[in-house]
Amino acid sequence: MKRVLVVCSGGLGTSLILKIELEKLFNEWDVLVYIEQSDVSAVGFSEAEIIIGAKQIIESIAPLPNVEMIPLAHIADTTHIRQSLLENKVITSWVENK
């Protein structure tokens, strides 16, 4: 199963809203994904293949080996979220190879 981590500064509000939107998109694409949410301080403990969050949060995270980071400039814009995900090579491969 694919693993995605959604991060925000507190690990509650923003990441929960984004998690719900991501669940809708991955369900629409028929991609089986485990999505967890967390505050940014727990990033190093995750086994996620992709980390998604607001641009300023993602840019504050040190690069991790074998982890794709997707910064979102507009986390409340569902069209932007969809476009950002589909521009990512890893997610594109998930959608194409389900």
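Before I start on exposure, the cut-offs I use: buried is under 20% relative accessible area, exposed is over 50%, and partly exposed is in between. I also keep in mind that this is a predicted model.

**Entry 1: salt bridges.** How many salt bridges does a search of the whole structure find? I get three.

I took Glu36 and Arg3 to begin with; their side chains meet in a salt bridge at 3.6 Å, N to O. Glu36 sits in strand S2 and Arg3 in strand S1 (residues 2-8), so this pair ties together parts that are 33 residues apart in sequence.

Next I looked at Arg82, which forms a salt bridge with Glu28, with the closest N and O atoms 2.8 Å apart. This pair links distant parts of the chain, 54 residues apart: Arg82 is in helix H3 (residues 78-86) and Glu28 is in helix H1 (residues 13-28). Arg82 is partly exposed at 30% relative accessibility, and Glu28 is partly exposed too, at 47%.

Then I checked Glu59, which forms a salt bridge with Lys55; here the closest N and O atoms are 3.9 Å apart. Glu59 has a relative accessible area of 56%, so I count it as exposed, while Lys55 at 40% is partly exposed.

**Entry 2: the nonpolar cores.** Which residues have the most contacts inside the largest nonpolar core? I noted Val4, Leu22, Phe26, Ile52, Leu85 and Ile91, in a core of 19 residues. I then listed the elements that give two or more residues to this core: S1, H1, S2, strand S3 (50-54), strand S4 (68-72), H3 and helix H4 (89-96). H1 has the largest share, with four residues.

Leaving out residues up to four places away in sequence, Phe26 touches Val4, Val31, Val33, Ile35, Ile91 and Trp94. I also found a second, separate core of nine residues, with Leu5, Val7, Val43 and Ile57 among them.

Entry 3: What makes up the nonpolar surface patch of about 360 Å²? I find Met1, Leu32 and Tyr34 there. Of these I followed up Tyr34, which belongs to strand S2 (residues 33-39). Its relative accessible area is 38%, so Tyr34 goes in as partly exposed.

Definitions and conventions. Residues numbered from 1 in each chain as written. Predicted model: local features only at pLDDT ≥ 70, side-chain atom pairs only at ≥ 80, totals over all residues. Heavy atoms only, no water. Patch = residues over 30% accessible without salt bridge, like charges linked within 9 Å, V, L, I, M, F, W, Y side chains within 5 Å. Areas by Shrake-Rupley, 256 points an atom, 1.4 Å probe, with all protein chains shown as cover. Salt bridge = Lys/Arg side-chain N within 4 Å of Asp/Glu carboxyl O. Buried < 20%, exposed > 50% of the residue type's maximum accessible area, 1.4 Å probe, protein only. Core = buried A, V, L, I, M, F, W, Y, C linked by side-chain atoms within 4.5 Å. Contact = heavy atoms within 4.5 Å.
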